[in-house]
Amino acid sequence: AELPIHLDLSGVEVLNVNFTKDEAGSDQELRSRLKKLEESLQSPTNSTQMILVNYDMFRNPRFAAILKKYKIKSIVVDEAHNVKSRYFDSILAYGDNDTRVAKRTGGLYGFIKNNPDMPVFWATSTPYVKELIEPLIMAHLTNPELVPIEKIEELMGDVVGTHRILREVMIRRRKEEIADLPLKRTVLAPIDMQSMTDDVKVEFT
């Protein structure tokens, strides 16, 4: 629902196949979504189509076959923080045969490597971060010319430099910019721990 706020989607058909394995009836639901995706690609309603897809889909053989069969112009990867990596190997070999890199990460990085001319958009509300290299790797995958591997090595430990380069590839939206949210309220609830039994106290420590 937030996508039109960030991107100009006039004349664009958005194909949403976001999917997680935790969904009820997941196998059947996934097959249904992929069938609808292929039907939409066969009979587009607009000259431009955009697939909205999460990271796990890049490990799915049928989805991979669809990507090879049709000329995909751009892909938006949702929940992108789940494919972050702190290993240089993941961008040198894009996760191929690297046991330290999660399979979903390697699958996505491999797809990006094999489609260097395709715009890839990353969407996440949880972008950061334990180590500075994590957002730098994602910036490299977004724009390898602007953020080459040598630039990542140069910026290691440089918080200010990292912030500056990320501003070139990242759009940040605050909650108040995308939703009319009520003001936060702080409620203090006093708890009498002196009268608690030991087994109840454990829940609060």
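**Salt bridges and sheet arrangement**

Helix H7 (residues 149–155) contains both Glu 154 and Lys 151, which lie 3 residues apart, about one turn of the helix. In this predicted model, the side chains of Glu 154 and Lys 151 meet in a salt bridge with an N to O distance of 3.4 Å. Glu 154 is exposed, at a relative accessible area of 54%, whereas Lys 151, at 24%, counts as partly exposed.

The structure holds 4 salt bridges. Another of them joins Arg 33 and Glu 29 at 2.6 Å, N to O. These two residues are 4 residues apart in helix H2 (residues 26–42) and are therefore separated by about one helical turn. Glu 29 has 29% relative accessibility and is classed as partly exposed.

Lys 69 is exposed, with a relative accessible area of 56%; Glu 38 is buried, at 15%. Together with Arg 62, Glu 38 and Lys 69 are linked in a network of salt bridges.

The sheet is open and consists of 4 strands in the order S1-S2-S3-S4, with parallel pairing. Strands S1 (12–16) and S4 (120–123) stand at the edges; each has a single partner strand, so one side of each is left without a neighbour in the sheet. On average, neighbouring strands are turned by 25 degrees against each other, direction ignored. Strand S3 (residues 75–78) pairs with S4 over 4 bridges, and Val 76 stands opposite Phe 121 in S4. Helix H5 (residues 103–114) packs on the sheet and touches S3 and S4, its direction making about 150 degrees with that of S4.

Methods: Residues are numbered from 1 along each chain as its sequence is written. This is a predicted model: local features need pLDDT of at least 70, side-chain atom pairs count only at pLDDT 80 or more; totals for chains, interfaces and linings use all residues. Side-chain values use heavy atoms; hydrogens and water are left out. Two strands pair if DSSP finds at least two bridges between them. Axes are lines fitted to C-alpha atoms, for helices over the stretch in contact, and angles run from 0 to 180 degrees between N-to-C directions. Contact means heavy atoms within 4.5 Å. Buried means under 20% relative accessible area, exposed over 50%, partly exposed in between (1.4 Å probe, protein chains only).
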